[in-house]
Number of protein chains: 2
Amino acid sequence: MTELLTADALEAALRDVGATRYHHLHPFQLRLQSGACSRGEVEAWALNRYLYQACIPQKDAAILARMDDAQLRREWRQRIIDHDGEREGEGGIAKWLKLTDDLGLDREDVMSGRLALPATKFAVNAYVSFVKDRSLLEAIASSLTELFSPMVIKIRSAGMLENYDFITPETLAYFNKRPVQAKRDSDFALDYVKRYATTPELQRAAIGALEFKCSMLWAMLDALEHAYLYAKPWPDAFQTADRGQRQAAE
Amino acid sequence: MTELLTADALEAALRDVGATRYHHLHPFQLRLQSGACSRGEVEAWALNRYLYQACIPQKDAAILARMDDAQLRREWRQRIIDHDGEREGEGGIAKWLKLTDDLGLDREDVMSGRLALPATKFAVNAYVSFVKDRSLLEAIASSLTELFSPMVIKIRSAGMLENYDFITPETLAYFNKRPVQAKRDSDFALDYVKRYATTPELQRAAIGALEFKCSMLWAMLDALEHAYLYAKPWPDAFQTADRGQRQAAE
């Protein structure tokens, strides 16, 4: 990319990253929402993704720490409040634990991360490192996967409710508020990126940051698919009780 | 683990980590050495593993930077010399590039890492972060995979030479010196760990560090196996020319 894009063309390029690289296209995501996953796979998905959910306020705090404008910080800090809540038991992380609770997972197992796949830990760690090490523009641009999440949430929640008798609307409460929050957050971040990516190099960096973020979410599902469908999980990671059963039924 | 192990029992526990978790057991490793990999898969392996090879002097420099004892630094710095060489074209990284050269890979593609799988980058990044963030004892203990590498190198090199007509002894020159270097390095690191892991907690941390390192090497092969055997590589990553051919032949 050598020419400066218009703001609209930059937005189109960013949306194209989502259209081609966001995890709504991942085979594991399609299996999850179609009912093809075993209960153990749904548990493994929820347990591993907890580490991603849990890192969000930390990565947002790392971004906040780099902002030297109070107005910008006031906007961004809401993300931390959304995930951590006003008090114990509230906020996005607590709601994710409602999901893992309902799946029968032990909170200590989930929260410690000790049963997560190594690749999940590496991906989440890469995301937090990215927002610390790269420019503020890239850190903000990496959040733009929220442009694409409302669509996925709607399809996934409907599919999971329809296809798994162990999933209730309360189990998926995390996702209720996310589309509105994600729309508000991504509107703000998109406006910021369009405003401050003022050279071809900065535009390329912003697009690259969103590609990185998509690759990180994709890698998390790759790891789940590999461990629980094609190969075997790392011996210290979560083992699915229904694995033999599912394979025997194939 | 609540009791202090004897030095010999600690060594046995460390060796047991290798016996159960080192990547000599990984299915991709077994395919690689048995001749079951397509040429494209061998290329993908060499290209991705370059990032691991390239990070070694950086992770050793990070460890060196944490050592406050000159004698210890004199021992450890040899690792950096081994991989970076005395001059351009020498050392382990240059020899790895001989391998990728012989496979017909473009040096800029290899050295930039732009075609590596995202999961490879995350794993390598996790390793460098680990030696910076954890204790010096854990950083040193994480190098102990070298206890197990000479055995793997011998089997892999013999298997690759026998099974791939595009591999010559010169292609695999990297591995010639590694067994002797790895023996010297791991003897030193093992002695250090046995000497300084003086509480059950420190012993547990040292064992955990070696488990982490094994999981990182394993995750790199998982990513290769997933991308090039079971699923598809990330669209921006290396695409194998012989993929369709190999699959059509199955």
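I am working from a predicted model.

Next I listed the buried residues of H2, which spans residues 27–34 of chain A. They are A:Phe28, A:Gln29, A:Arg31, A:Leu32 and A:Gln33. I then checked what follows H2(A) and found A:Gly35, with a positive phi near 90°.

I looked up the annotation. UniProt, in an unreviewed entry, places "domain: Thiaminase-2/PQQC" at residues 14–222 of chain A. Over that stretch I read 75% helix and 0% strand. Its end C-alpha atoms lie 23 Å apart.

I turned to the interface. I found 22 residues of chain A in contact with 22 residues of chain B. The area buried between the two chains is about 1,900 Å², and carbon and sulfur atoms give 66% of it. On the chain A side, A:Phe122, A:His226 and A:Trp234 lose the most area to chain B, together 37% of what that side buries.

Two salt bridges link chain A and chain B. One I looked up pairs B:Arg21 with A:Asp236, the closest N and O atoms being 2.5 Å apart.

Which helices of chain A each supply at least two residues to the side that touches chain B? I noted helix H7 (118–133) and H11. H11(A) gives the most, with 11 residues. By class, I logged 13 nonpolar, four polar and five charged residues on that side of chain A.

Conventions: Residues are numbered from 1 along each chain as its sequence is written. Chains are lettered from A and ligands numbered from 1 in the order in which they are written. This is a predicted model: local features need pLDDT of at least 70, side-chain atom pairs count only at pLDDT 80 or more; totals for chains, interfaces and linings use all residues. Side-chain values use heavy atoms; hydrogens and water are left out. Buried means under 20% relative accessible area, exposed over 50%, partly exposed in between (1.4 Å probe, protein chains only). Helices (H or I, at least four residues) and strands (E, at least two) are DSSP runs, numbered from the N terminus. UniProt positions are given in the numbering used here, feature names are shortened, and annotations may be inferred rather than shown by experiment. Contact means heavy atoms within 4.5 Å. Buried area is the accessible area (1.4 Å probe) that two parts lose on being put together, summed over both. A salt bridge is a side-chain nitrogen of Lys or Arg within 4 Å of a carboxyl oxygen of Asp or Glu. Ala, Val, Leu, Ile, Met, Phe, Trp, Tyr, Cys and Pro count as nonpolar, Asp, Glu, Lys and Arg as charged, and the others, Gly among them, as polar.
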